Amino acid sequence: MAMRRDGDVQADLIVSWSDIPRSPGHAFYDKLQKLLVDAGFDRFVEEACQAYYAARMGAPSVPPGRYFRMLLIGYFEGIHSERGIVWRCSDSLSLREFLRLTTREKVPDHSWMSKTRSRLPHEVHDQIFAWVLGLVADHELVKAERIGVDGSTMEANAALRTIVRRDTGETYREMLTRMAHESGIETPTADDLVRLDRRRTGKKLSNTDWESPVDPDAKVARMKNGSTRLGYKPEHAVDLDTGVIVAAPIHPADKGDTNTLEATLEAAARNLATVDMAPAPGIPCELVTDKGYHSREGLKALANGLWKTRISEPMPAKGILRWHGDEEAQKAVYANRARLKSRIGRKTMRKRGEMVERSFAHVLDRGGMRRAWLRGRENLHKRYLIHVAGFNLGILMRALFGCGTPREAASASQAFLLVAQTENALIFALVGQVAAETGVLLIIMSAGPG
C-alpha cells in the first residue's frame, strides 16, 4: 500500500494527445448532435445572429450556437438556473462534446449567457423556435388539423413580501405599521401586525394597487398548487395529432383565458405560416380548449373564420338563456355546442386533456421552468421558447430513434433475464434492447437433464 500519497499532486508539464481524457459518447446527445449538424443548425444560427455581433472587436466571440445548445441542455437535464447549466456542462465530457468545445476551451460562464441573451433580441429566439418547428414539420410531425390551447402558471423570481404600493411606494409591512399607529399601537410587534392583518376588513392584493419593484412584469396570481405568488401565465398551442407545440407565448398572470386567447392564436397562425400550414378561411383549423375560454363574444369573433371552435361549455345557469337580439352570438354558441356533443368532439376533448397537459408537465415540471430564475417577461420568454424548442426536438428524437430524453436513452439498454423450468429442461431467456434503432434482442438458451 502506498502511504502518504494523498497530498498535493503536481500537474504534468507536457500532456500528449493520447493522454487527454475524451468522452466515449452519449447515446442521446450524439444522435441529437448529428441531427442538428445535418440540418445546418449552426449555420442558420450564425446567419440569424450576425447582425448583432461586431465584425472585429476584441477577443473572438463564442459561437452563438453554443448558447442555444446550453439552453437545450437546460431543458433535457431539467436544470432551472443558468449557473446550474454551466456546472453540469463543466462536469460532463459528453456535454462538452455536444457543445463542440475543443480540449483547451472551457465552458462559458453564466455571465456570458446573460450577456448573449441581452444582446440577441426576442426575434432571434423566435426564429430559432420556428427553425426547429420547420425541422419537425419536415418529418411530418406537424398536422395543423386540431390545435389544443391551455394555460398554466409559472412562479416569478420575485418574493411576494417585497411588493410595494403603486401610489405611495410603501411596502406591505410599512402599511401595516402605519395602520397600527393609527389604531393606537405605538411600537407594534410582529405578532401585533399579524393580528391586525388578519382582522382588518377589505383585505386584498390587487395588481392595480401593488407591484413588484424587482420585477414589474410579474403579477399577483394563484398558482396551480393553490398558493398566492407573483407569477406569469405561459400558454401552449399544441398539435393534438402529434403533441408538437406550435406556439408558447407568456402572458401576464392576471389576464384571463378569454383575454389571452387571441394573442395565442395569432402566434400559432404565424408559426404555422412558416411551415406553410397556416389555417385559411376555406380550410379552418379546429380549436379545442376548456371551459375557461368560453364566452359569447369570443365565439362570435371566431365564427366563420380561421378556427372551427370546440370550446367546452360551462354548466348553464338555471333558467332560459337570454340573447337580447344578438343572433350572431346565439348561432355561434349553438354551433359550438353541437360540435362538442358529437362523437368526434368528445374524443377530441379527451385528446386535448392528454396532449396539452403533457406538454406542461415536460416543459414546466420536468424541464425545470415551473419557477423562473430570470426577471422580466421578455427575458423569460426568450429562454422559454428554447425550452419549448427542446420539447419539440424530443418528440422528433423519439420518432426517429425511440427515445426523446437522455434518461429514456439510458434506460433503453436495460435487459431482463427470464428463467423457466420444465420437466425436461431449464430455459433461460435474455430480453433486452441493444439500441433504439436496432429493436429488441432476444436470446433463448435451454439446458436438458444431461
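How many of the 450 residues of the protein chain count as buried? In this predicted model, the share is 44%, where buried means under 20% relative accessible area, exposed over 50% and partly exposed in between, with a 1.4 Å probe and protein chains only. Because the model is predicted, local features need pLDDT of at least 70 and side-chain atom pairs count only at pLDDT 80 or more, while totals for chains, interfaces and linings use all residues. Residues are numbered from 1 along each chain as its sequence is written, and side-chain values use heavy atoms, with hydrogens and water left out.

The secondary structure of the protein chain comprises 15 helices and 13 strands, taken as DSSP runs (helices H or I, at least four residues; strands E, at least two) numbered from the N terminus. Among contacts (heavy atoms within 4.5 Å) with a separation of 6 or more, 68% join residues 24 or more positions apart.

Leaving aside residues up to four places away in sequence, Leu32 touches Phe76, Phe98, Leu393 and Met397.

As for the cysteines, Cys89 counts as buried because its relative accessibility is 0%, and Cys403 does so at 3%. Zero disulfides (pairs of cysteine sulfur atoms within 2.5 Å) turn up in a search of the whole structure.
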